[in-house]
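Student: I would like a close look at one part of this model. Please keep it to the packing of secondary-structure elements.

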Amino acid sequence: MCGIAGIFHLTTPKPVDPARIDRMCAVMAHRGPDGQGVWTAPGVGLGHLRLSIIDVAGSPQPMVSSDGRAVLVFNGEIYNYRELREELRGGGAQFHTDGDSEVILAAWQRWGPDCLPRLHGMFAFAIYDTVQRTLFLARDRMGVKPLFYAPLSDGSLAFASELKGLLAHPLLRREVDPLAVEDYLAWGYVPDHRSILQGVHKLPAGHSLLLRHGAPLPRPVQWWDLSFAERRRGRAADLEAELLHLLRQAVTSRMVSDVPLGAFLSGGVDSSSVVALMAEASGNPVKTCSIGFDVGALDETSYAEQVARRFATDHRARTVSPDDFEHVDTLAAMFDEPFADASALPTWRVCQLARETVTVALSGDGADEAFAGYRRHRFQHGEDRVRSLLPQALRGPLLGTLGSIYPKADWAPRPLRAKTTLLALAGTSEQGYARAIGVLPPELRDTLYTAEFKALRGDYRAEQPFEALMRAAPARSGLDRAQYADIKFWLPGDILTKVDRTSMAVSLEAREPLLDHRLVEFAAALPEGLRLRRGEGKWLLKKTMRRYLPDDILFRQKQGFVTPIAHWFRGPLAEAARGIGSSTALARTGWFDSAALGRMAELHIAGRADHSRLLWQLLMLDKSLDRMGIS
């Protein structure tokens, strides 16, 4: 796990100043505190920050191949590097280190871009070929590891693991993309198809980019996609056995480490499953950690302790106050782009706790997306049945009208939120799911924007690319398409961004075994009834793990890391809420109706409405703009 940065001249191969690469790396020092290196040649410069995990004493980067032809900077881990090394050695390759970096170099030299499907792991890397004079950028299948890039005015392209690495380059323009603001208000994060700054791009998950001196910047090429179009056949017992094999393989492959390793343990299905399989594979007690809260309704530590006792783990728990509002500026600095998933705060806290004793921690992220574990999957499945009974020509006018006049009831459980359900049923399956996964619906966003911002936004709506992604999904059903969108859109944009930034902020490597691509591909091919059965998500996964875990862990109501932002904005952050519309960097942009924001803040502070998510979004946007010096 590391950080990478670089500069490549697309036109004239001008010299690259090593000090500039150094500065781009220095602002990301948290990603690699164990070493830093820079390599330059005419028209190219590569920088690397190292967090030593595998082959601690060797494998320095930038790494030059034994024949001097290729140079690599790499962020991530290749879990099958030992098997690949033996295959490559059989073909004549020679190795001088014990790590995975040299294996990537040898695989590139043997297979070129076709090496990517052979790499099992999480990665973002750059390889410069000194003979072909090309730079190859690649990102892993799921988007676990990030990679930002931007063409600059001097004809070069700069890239880095985090946006702050690009911000250290003096030629980067700091001009906000208004469409990214629209995206952010809709989703609570800036999705991977856009960046908060115009001209900055994120290499999409499962894509690569091949750059040549003297050639224009090409479009990224997709090298992996996920298909829900096929259905596995066979007895449930056989599929269960296959799933268990894949789970064991995914977990044990991610336990390879030359430094202390442990796991996050919340006491939920996913993290408990990972810990159970780690304990099965390990000869020593697994190091686990969990964060609890001093508010009973938010605390899950008793479940985590139950699992820790069951598998005799070396468990550490810490109770913290949920009132972490004083760390808002720290959080904004971690993400650079505005990021409004408030669970980032407790995620950062558990990463801090883990880093006290380990350098690598396995997490349970990914199972909900792959196995249909979210409540919204259940609602989407049911709503699609209703849509199939009523034609769109009838549903749209009737339910849309009812939904528009029905009172809003965010306080109620979703099955009782008739307004939300009616509006979801009035539209297509894609429109309904966009509402389910979004934060602010389009009609609410429109009440916040000024006329000037609406002119900048034009006809674009944040839901458009999401709905297009669902429509084009290789899938058979509405549930398939919803899960596909989760994995391709929500997962890299929100969940994996959150875990990467919060773990890297404390120099901790987080690994996600439940996102092993073979496991995800298996889940995508399962019949719907083995993913979602009688309202129970992750059905086959839970059935498989019954041999390890009790039902009160497997079938209890799903919880998540909760941050009491509604309370904060009625207490310690009340003045910040009042100021959002009038006295902040955000207010000075002229994008939002300050009177409307003021009214929402006062309604929330008075307890007459819950606008906490909106206020949190606006606060994090303001902090982001302020850090980037934009007004």
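Is the crossing in which H9 passes H28 left-handed or right-handed?

Tutor: H9 passes H28 in a right-handed crossing. First, the ground rules. The model is predicted, so local features need pLDDT of at least 70 and side-chain atom pairs count only at pLDDT 80 or more, while totals for chains, interfaces and linings use all residues. Numbering starts from 1 along each chain as its sequence is written, and side-chain values use heavy atoms, without hydrogens and water. Helices (H or I, at least four residues) and strands (E, at least two) are DSSP runs, numbered from the N terminus.

H9 spans residues 328-335 and H28 spans residues 612-627. Their axes come within 9 Å and cross at roughly 65°. Axes are lines fitted to C-alpha atoms, for helices over the stretch in contact, and angles run from 0 to 180 degrees between N-to-C directions. H9 is therefore roughly perpendicular to H28. The classes are roughly parallel under 35 degrees, roughly antiparallel over 145, roughly perpendicular from 65 to 115, and oblique for the rest.

On the H9 side, the contact (heavy atoms within 4.5 Å) uses Val 328, Asp 329, Leu 331, Ala 332 and Ala 333. H28 supplies Trp 616, Leu 619, Met 620, Lys 623 and Arg 627. By class, the H9 contact with H28 has seven nonpolar, no polar and three charged residues. Here Ala, Val, Leu, Ile, Met, Phe, Trp, Tyr, Cys and Pro count as nonpolar, Asp, Glu, Lys and Arg as charged, and the others, Gly among them, as polar.

H15 (residues 429-437) and H19 (residues 478-504) have axes that come within 11 Å and cross at roughly 45°. H15 and H19 are therefore oblique to each other. Their crossing is right-handed. H15 contributes Ser 429, Glu 430, Tyr 433 and Ile 437. H19 contributes Gly 478, Arg 481, Ala 482, Asp 486 and Trp 490. The classes for H15 with H19 are four nonpolar, two polar and three charged residues.

Last, a sheet. Five strands form an open sheet with parallel pairing, in the order E15-E14-E13-E16-E17. Two strands pair if DSSP finds at least two bridges between them. E15 (314-320) and E17 (509-511) are the edge strands, each pairing on one side only. E16 (residues 360-362) pairs with E17 in the parallel sense over three bridges. Leu 362 stands opposite Arg 511 in E17. Helix H8 (residues 301-310) lies across E14 (287-293) and E15, running at about 160° to E14.

Methods: Left-handed = near helix turned anticlockwise from the far one by under 90°.
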